[in-house]
Every structure is written in structure tokens, then in C-alpha cells.
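This report goes through a few local features of the structure shown below.

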Amino acid sequence: MRRIGIDVGGTNTDAVLLEDGRVVHAVKSPTSEDVTGGILSSLDALRRHPQVASGKIDGVVIGTTHFINAVVQRRHLGKIAAVRIGMPAAASLPPFCDWPQDLAALVAGEIVMLEGGHDYDGREIMPFAEAEMRAAARRIRGAGITSAGITSIFSPLDPTHEERAAAILTEECPDIRITLSHRLGRIGLLERENAALLNAALGDLAKVTIDGFRAAIAKSGIDAPLYLTQNDGTVMSAETAMALPVMSFASGATNSMRGAAFLSGLKDAMVVDVGGTSSDVGQLRNGFPREANSVVEIGGVRTLFRMPDLYSIGLGGGSIVRNAGVPPAGGRDGRSPITVGPESVGYRLTREALVFGGGIVTATDAAVKAGVVEIGDAARLGELSRATAEGVIALATAMLEDAIDRMKTEAGDVTLIAVGGGAFLVPDRLQGIGEVIRVAHGDCANAVGAAVAQVSGETDQIYRDMTRAEAIAAAEAQAKERATAGGADPATIQTIEIEDMPLAYLPGNALRVRVRVAGEMGSA
Amino acid sequence: MTETREITLDDIESLAVGAWILGTGGGGSPYLGLLNMRRLYAEGHRLQLMSPFDLADDDWIAVVSNMGAPLVGQERLADSRNIARAVEMQEAYHGWKFRAVLSLEIGGNNSIQPLMAAAHLGLPVVDADTMGRAYPEAQMTSVAVGDLRPYPCALYDPRGIEAMVTQVPTWKWMERTSRKICTEMGSIASTCKAPRTGAEVKKWGIHFTTSKAIGIGRKVREAQRRHEDPIAAVLDEGQGKLLFRGKVVDVARRTTEGFLRGTASIEGLDEDRGSRLELAFQNEWVVAWRDDGSERRPIAMSPDLICVLDSVSGNAFGTETIRYGMRASVVALPAPPVFLTAKGLQHVGPRAFGYDIDFRSVFA
């Protein structure tokens, strides 16, 4: 199995070739404005390596922040129709009701609210309003809208009303792109609807971008299927990604953690990914990042995406050191006046850091002076004193220790995997850490994570009048079915996460069960 | 304080934060109610908050709440017109009009329900409630402690189902009967409880709790803006005591008889390092035990309010959302005096939740 993993970050586009579980070659190129150019140049650089140039490639897996950036920057978003099914319930809180105004103005086209939807016990709130849906579909066609998000109450338990609405809409508007909220999972109407609406708004951009990825791959002479990584560290096919671009929102951080797990061979550990500007601390469980349970805001919109639970601090290789010239004990109250971060020189590190001939003192310069790493030209460090450098490293250590302690879920020492271009800032001895693991190619862990990504399936349902074991078994079976449908080899599917939550004030000892499974990509 | 004043939208933003803290882990997030109020204020609605002591003895006061499973609320959301309709059902049943609207419970999303009803009906909101916090059952109110009449209760479902429970022998029976109806409605119902007279609200209401929730919320939001300690702000504004600071290390949940029960364990940090705090909950936090290794003793219990707050933001953690790794500060706030009597403790003391311990106040 030979697979190329690509991570398109804000600064660099990293690419690796993985062959039978081994990194053959890894390259870094600057990310380009159009995303595609950066991918093309990293693929070119990768293919100049003799072992990459020849031989078949089984798949190209890309992780990108392109779609989340579009939402945050309010760019390339389309006008959409929002269809809510569940009237008369929830009538006073229509679609877009908790969006930032500028984003709603950009995205909201037609808003349709119809009778229908379900209760938690499977009964219909009201019969689905077929005729009204057809009339609305004609209005949507008349308005020239090309993308729609459809959300019905309790659709994760019973999606039939969403599906019926989609069928009618397709009859009236044959070319419309449709997002059904239950495909994005999770109970919580507003957050699920928001995810569906964001997804619908990204429809055109997803098509253009993923077509561009395909063209770049073809242009570099590679004949292999394209996959995109999603928030939970697993992959989806290019076709699925085109339909569900929101599923790739947080893939960068997730890929780093998955890469760290792969390169270290560890399944349960803490991970710190030190980049140029910030460090992300997370926790691996069963080889996957532990997920955040809480509401996640994307560009000011509340959603319930599957996102890794990360704690980020403003510390990286490019972090700017302030007051480096002041003696360490010269601050007020005898405290050190030296600070590091959160400002950073970012991608200008190779021009502006002292060791590269620049004039700004960075964390990298301090690390070189303190002797923890050899980068650039140490002779250029000039007046940066050893005491100051060691003070900066001590400060960075304290910041990392605090961040790691916040993310730990158990007392006692744990293992930490340090990855990312700035991993040299992580010392070998840290409070609460038994061992710091460093891995070859750790600076490209994100691209490695993309290359090794598996196929997942998830379910989130309410079960009643069942034992806990029966409910979990039913949920696992459904999640496995979904993973297989997504292209996983059934023989390799493993359960990643089981979460069960008894529900207050519901009869029949109702239990909400969420199960996530993942398996290797089938060689289809 | 006997004056009526306008409630600003900023007050309601603060109320949402403060009421979630007074929810003591339950009561549901006020977020959806807040969204409704933002919309109503954008449409031009304005509300008045009146002192309970400005009520005439023979005024009729509507006591409102949303009943049901928080999870169902996340799907069916909250519609301001539904709670107004439940109030109108009572008026139609009795043939008279209400003077004002009162919250059944100031903790959680029910703090906003009277505001939503009042906006549609053009009535003032009374600065009081009947719990001073959130509690799981109908008999756990100050008016039940006062043995006031438990009926009639109006329940409304927006698909056109209207029910009145016109007579029951006790508050417990009201709880059981109305809960059944609520379940049939999809485990969510807008309810208007037994009407209260102005005299009853003055004697048995828990007074100025709306202002208290707004005050706590405002101080927390100010502390967040200024990067000051929000926990200190809660202690100061709520005249509370800090019980424990630490990190959540274990959460176990189960449902029995429809209630969410379980325990959460918090491992001490800073001054509490080396100790553990164990919290038992039935929808809300009920009892806190401190374990110092050699000794394990209860240090706080209902009816004192046990609030588990995010050590950084000061926002409340709910019993449904608390999980491993969260940094928590556990704070006690004083119980309303009505619950400290022998009769009050029968309704909401530790034994009412199945814990065979004598009530000892954190503030004794």
C-alpha cells in the first residue's frame, strides 16, 4: 500500500509518501493563495525523490482548512434555502436566528418552515406538509437558489421527513444541491441545522476546490483516488467531501495527533503539536483524539461538530521574545520581565529570526542559544545572553506544563508525544509527564496523519426499554454498517468510542448512546 | 425596594448567566429563552420588573414553567407564545385576568419563561420565584412548603393539545399526574401552575430572586470582560462560600424513575490538593462530601445551593454536561429561609433525596 498524505496549513503545505507503514519521503512547500498551487508544488517536490517517482500510488489523502477559512473570512459562500420541518414546534426560533448578522445576510435566501417532524418516541409531531413543500420548492426554483439545507425535528432518530422533503425539492429543482441535517448527526436542532446550513452555503466552493485538487493530482501524473480527512481523523471519499465539506473543518489538528499516534506506535498518550505560532495539546485515546463534547462556534455560528478537544497556547518556534535585553531579575518585584508569545513572526521565521539573519528575537533563537537545538547560524545571536535564553526556555516549559495539566484526565505521570516544527521547545523533563517521545518525521506529523487516516462510522440515538448492553450493541452495529458503507474493510473495523447518557424525565429508562467506529480503507 | 423598573436586554443577558448558576447543575440552559427574548426586544417588546410587595392581596399571579426533558427541549426548542398560551388557559378556566407573571424556578431556563409570557401578554414580571434555584419536583417549592393549593395546572402543546389538571389531593399527586400528561405531549409542555394571590406571593414567595440572578450574572460578565476572577464575583454578589477548587476526575450517571442521578468527583488543586470532593446529583447537585483521605464527611447539602462553576469563565457546569478534565470551583450559596424550617427540610432537605443525614448549613 503506497499512499500520499497532504496537509494544507496556513503556512506550509506538507506532503509525505507512506509505503507499507513507513515514511519514504516528506516535503514542505509554502501554501498558495488558491490552495491548489501549493499542493501541486509539494507533489512535484515529492516526486523528485527517486523512490516516489516510480510505482503506483493507491490513494491521495488531503487535509485542508480551506472550508473553515471560507466561513471565518465570509468568502465564497452561496445563497441558500433553509427548510425547517417541525411546525408548530420551535416556530419562534427560525433558521439563522442565532447567526451573526453579516453571515446570515450573506447566506440566507429562502426560509421555509413546514409542519412535520418527530417526537423522541418516534411519533410524528405533525404529518409532513407535502403540498406546502412543493409550493416552497417552486419558490426556491423561482429565486434561482442552487443549494438547500433541510432540517427536521429529531431527524437523527427518524429521517423520513427530511428525505421526503428532499425528494420533492429534487423533483421541482433537479439541479439543486441538498444537505440533510441527519447526515451531520447529533441531537440538538439549532446546532445541527446550523451545520446543515453552513454546509449548503459551502456547496459551490466544495465543488470548485475538490475539482481543483483532482486536477492538481492528475497534472502531477498521479492516477489515484482522492480522499479528504475529516474532523475525527478519518477519511471520506472526494464525492462525500463534495457533499459534506463541513466535515473537514478541524482536520489539521486532528491529523497531527493521528500522525503522532502512528509514528510513535502509541494509542493512549498526550500529544503536543508545536507549530510556528501556537501549540495544541490534546489527548489520544485508542489512537484517536479525544473529542470535545461542547458546542463549537465556527465563524460565530454554534454547531455540534465532532472536533478534537484541544487546548491551544500562543507558543511556537516563531513566538516573539520581549525584553530580551533586560536582565532576568530586572523587572518589577524582582520578577523576570521576559515574555514569549503570543505574537509570532509566523511564516517569516526564516527571514526575521536572529539565527536567520533577521532582527527579531524568537523562541527559536533562545532554543539555539540554550543549546537545545541547532538551527540557522548561532553566530548571529549577538548579544542574546545565555541567562535570557534559559529564562525563555523555562517560561515555555511552564506554559507547556500548565497546558498539559489542563488536558490530563487522570492523576499520575503520562506519556507525551512532541511533534511539529517547534517540538524542540518541549524539554525532556516536564511536570506530570513520565516520558517525552520524539519521532522521526514529527515535523510532518499532520501529513502523516492524513496518509494513515481510516474510514469511520458514527451513530447517536436514543434507545428505550432495552438494557444498556443491548442499546450499545444496537448502536455499534449501526455505526459499523455506516463505516462499511463509507468504504471501510469490515474485518478491520474497531470501536473507537462509546458514550452513553441516561436521559432525565423520559420514560422507559431512555438512554442516549453515541458510538464511533473506524476501519482501514478497503482496497476497492 | 418597592418600585417597578424596566428590564433591559442587557439585564436579560445577565439573567441567563446568573440563572444558569442558580440552577445548581439543572434547570436546563437558558440559551433558547435568551434567543426568544432577543427577538422579542428586537420587535419592540419591553418588560417591567415589579416588587412582590407592590402586589395587592387579591391580585392573581401566574406561576409559569417549562416542564419536561432538557434533551427534548434541544430539538423542539422554546417558543415564547406557548408559555403565554398556558397562562391564557388559566384565565379562561377561571374567568378572570392575571395581574403579573412569576417564575416557578429562577434556576435555569425557567427563569426566562415568565419574561416570554409577560412580553406577549403585556404583564409585568414579579421579582421572585418559588425555589430560589432549580429543583426536580413539583412539591419542592416554597408554596408547597406553605401547603398552598396545588391545583389547577394548565399544560399546553403547540400542536393544539390543552390539558387542565383541575384537582389533586397533594403536590406529589400533581407531580405524578402532570408528568404523565407531559410525557404524552412528547416530554415537553408549557405549564401555568396553580394561580397564587398577591398575599400568597408576599407570604410564601422567595423574594427578589430575579434581581439576584441578574446581579450575579452581571458581576460574572463584568469579571469576564475585565479578566478578573469570576468566582470571586459570584461569592461576593451571592454572599457565598468557596467549598473546593479542582479538576473533575470521574462522572457516573444513571436514570431512575425518570431522573438523572449520579456522582461527580473532583480532585483538589491549589489549597485543596490531596483532597477530593464527591458530588451527588438528582438533576441538580444535592450533597457534597469532602474526602481528605483519612476522613469523609458531608460539607454541603440541599437546601443550600451547591454551584459547580468553570474556574476560568465562572459559567455554570450542568449535571448533564460536566465531564472529565473540567476545572471546577464549587461554591455554596445560602438557602432561602423558607426551606430551613422543619417543614421546609421535609420537602427539600437531604432526606427528601434519599440521603440519611441531618441538614447542616454551610453558613451556620
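## Surroundings of Ser275(B)

Leaving aside residues up to four places away in sequence, Ser275(B) touches Phe244(B), Ile266(B), Glu267(B), Gly268(B), Arg290(B), Asp291(B) and Asp292(B). The model is predicted. Ser275(B) lies in the loop between β13 and β14 (276-282) of chain B.

Is Ser275(B) buried or exposed? Its relative accessibility is 9%, and because the cut-off for buried is under 20%, Ser275(B) counts as buried. One of the residues it touches, Asp292(B), is also its partner in a polar contact: the two side chains are joined at 2.6 Å.

## Strand β5 of chain A

β5(A) is paired with strand β6 (residues 108-115) of chain A through 6 bridges, and the two run parallel. Between β5(A) and β6(A) the chain passes through helix α4 (residues 101-107) of chain A, and this β-α-β crossover is right-handed.

β5(A) is also joined to strand β7 (residues 147-152) of chain A, here by 5 bridges and again in parallel. Ala82(A) illustrates both pairings. It stands opposite Ile111(A) in β6(A), and Ala82(A) also stands opposite Gly149(A) in β7(A).

## Interface of chains A and B

How many residues of chain B are in contact with chain A? The count is 42 residues of chain B, in contact with 45 residues of chain A. Between them the two chains bury about 3,800 Å², with 55% of this area on carbon and sulfur atoms.

Arg123(A) forms a salt bridge with Glu184(B), with the closest N and O atoms 3.2 Å apart. On the side of chain B that touches chain A, the elements giving two or more residues are the helices α2 (31-42), α3 (70-76), α4 (80-94) and α7 (171-184), together with the strands β12 (241-256) and β13 (259-268), of chain B. Which element gives the most to this side of chain B? That is α3(B), with 6 residues.

Notes: Residues numbered from 1 in each chain as written. Chains lettered and ligands numbered in written order. Predicted model: local features only at pLDDT ≥ 70, side-chain atom pairs only at ≥ 80, totals over all residues. Heavy atoms only, no water. Pairing = 2+ DSSP bridges. Helix = DSSP H or I, 4+ residues; strand = E, 2+ residues; numbered from the N terminus. Right-handed = clockwise from strand over helix to strand, strands pointing away. Contact = heavy atoms within 4.5 Å. Buried area = accessible area lost by both parts, 1.4 Å probe. Salt bridge = Lys/Arg side-chain N within 4 Å of Asp/Glu carboxyl O. Buried < 20%, exposed > 50% of the residue type's maximum accessible area, 1.4 Å probe, protein only. Polar contact = N/O pair within 3.5 Å; in protein donor to acceptor, adjacent residues only side chain to side chain.
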